[in-house]
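Subject: Structure handover

Hello,

Here is the structure I said I would pass on. Please look through it first; my notes follow below.

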Amino acid sequence: MDAQTQPRQRLLYLHARTPSVFSEILGYTLIEPVKGFQVEISGGEFEWPYTTVHDAVVDGWQIVQFPHLQSPFSDTDLDIVGYEFILQKMEEIS
């Protein structure tokens, strides 16, 4: 297996409404392991790949970090977007 086809770590940052894996997703960022990759930011509507963190786990993503538990907050008072889960998936990327 050469360096071009070795499994590489894809990262998925999911922001959920609560620290439960069954909670609604508020936002996400996907990081691909390819040279020159940049996160795209769009103001338009788009379809999210998952509704909950559990949906991503069912699709083969592994949770590598659960959210740090914090006291309840109102997102109108603080600049925090939900509870962050970090997931990974090892896949061959050419």
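Is R10 buried or exposed, and at what relative accessibility? R10 counts as buried because its relative accessibility is 13%; buried means under 20% relative accessible area, exposed over 50%, and partly exposed in between, with a 1.4 Å probe and protein chains only. I return to R10 further down.

Some notes on how to read the values. This is a predicted model, in which local features need pLDDT of at least 70 and side-chain atom pairs count only at pLDDT 80 or more, while totals for chains, interfaces and linings use all residues. Residues are numbered from 1 along each chain as its sequence is written, and side-chain values use heavy atoms, with hydrogens and water left out.

Overall layout

The protein chain has one helix and four strands, where helices (H or I, at least four residues) and strands (E, at least two) are DSSP runs numbered from the N terminus. Along the sequence they follow the pattern β-β-α-β-β. Of the 94 residues in the protein chain, 26% are buried. The protein chain exposes about 6800 Å², and carbon and sulfur atoms supply 52% of that; accessible areas come from the Shrake-Rupley method with a 1.4 Å probe, and for residues only the protein chains shown count as cover. Among contacts (heavy atoms within 4.5 Å) with a separation of 6 or more, 59% are between residues 24 or more positions apart.

The sheet

The four strands form an open sheet in the order β2-β1-β4-β3, with antiparallel pairing. Two strands count as paired if DSSP finds at least two bridges between them. The edge strands are β2 (25-31) and β3 (62-65), each of which pairs on one side only. On average, neighbouring strands of this sheet are turned by 30 degrees against each other, direction ignored; the axes are lines fitted to C-alpha atoms, for helices over the stretch in contact, and angles run from 0 to 180 degrees between N-to-C directions. Strand β1 (residues 7-16) pairs with β2 over six bridges in the antiparallel sense. Y13 has T29 in β2 as its bridge partner.

E84 is found in strand β4 and counts as partly exposed because its relative accessibility is 29%. From E84 to L14 the separation is 70 residues in sequence, but 5.6 Å in space, C-alpha to C-alpha. Leaving aside neighbours within four places in sequence, E84 is in contact with Y13, L14, H15, Q65, F66 and P67.

The salt bridges

How many salt bridges does a search of the whole structure find? There are five, a salt bridge being a side-chain nitrogen of Lys or Arg within 4 Å of a carboxyl oxygen of Asp or Glu.

R10 takes part in a salt bridge with E32, where the closest N and O atoms are 2.6 Å apart. This pair links distant parts of the chain, with R10 in strand β1 and E32 in the loop between β2 and α1, 22 residues apart. Both R10 and E32 are buried. R10 also meets E91 in a salt bridge, at 2.8 Å from N to O. That pair again links distant parts of the chain: E91 is in strand β4, 81 residues from R10 in strand β1. E91 is partly exposed, with a relative accessible area of 27%.

K89, in strand β4 (residues 83-92), forms a salt bridge with D59, with the closest N and O atoms 3.6 Å apart. D59 lies in the loop between α1 and β3, so the pair ties together parts that are 30 residues apart in sequence. K89 counts as buried at 11% relative accessibility, whereas D59 is partly exposed at 41%. Salt bridges that share partners join R10, E32, D59, K89 and E91 into one network.

Not counting residues up to four places away in sequence, K89 touches R8, Q9, R10, D59, G60 and W61. K89 and R8 are 81 residues apart in sequence and 8.1 Å apart in space, C-alpha to C-alpha.

The surface

V34, F37 and V39 make a nonpolar surface patch of about 220 Å². Patches are made of residues with over 30% relative accessible area and no salt bridge, with like charges joined within 9 Å and nonpolar side chains (Val, Leu, Ile, Met, Phe, Trp, Tyr) within 5 Å. V39 lies in the loop between β2 and α1 (53-58), and counts as partly exposed at 46% relative accessibility.

Regards
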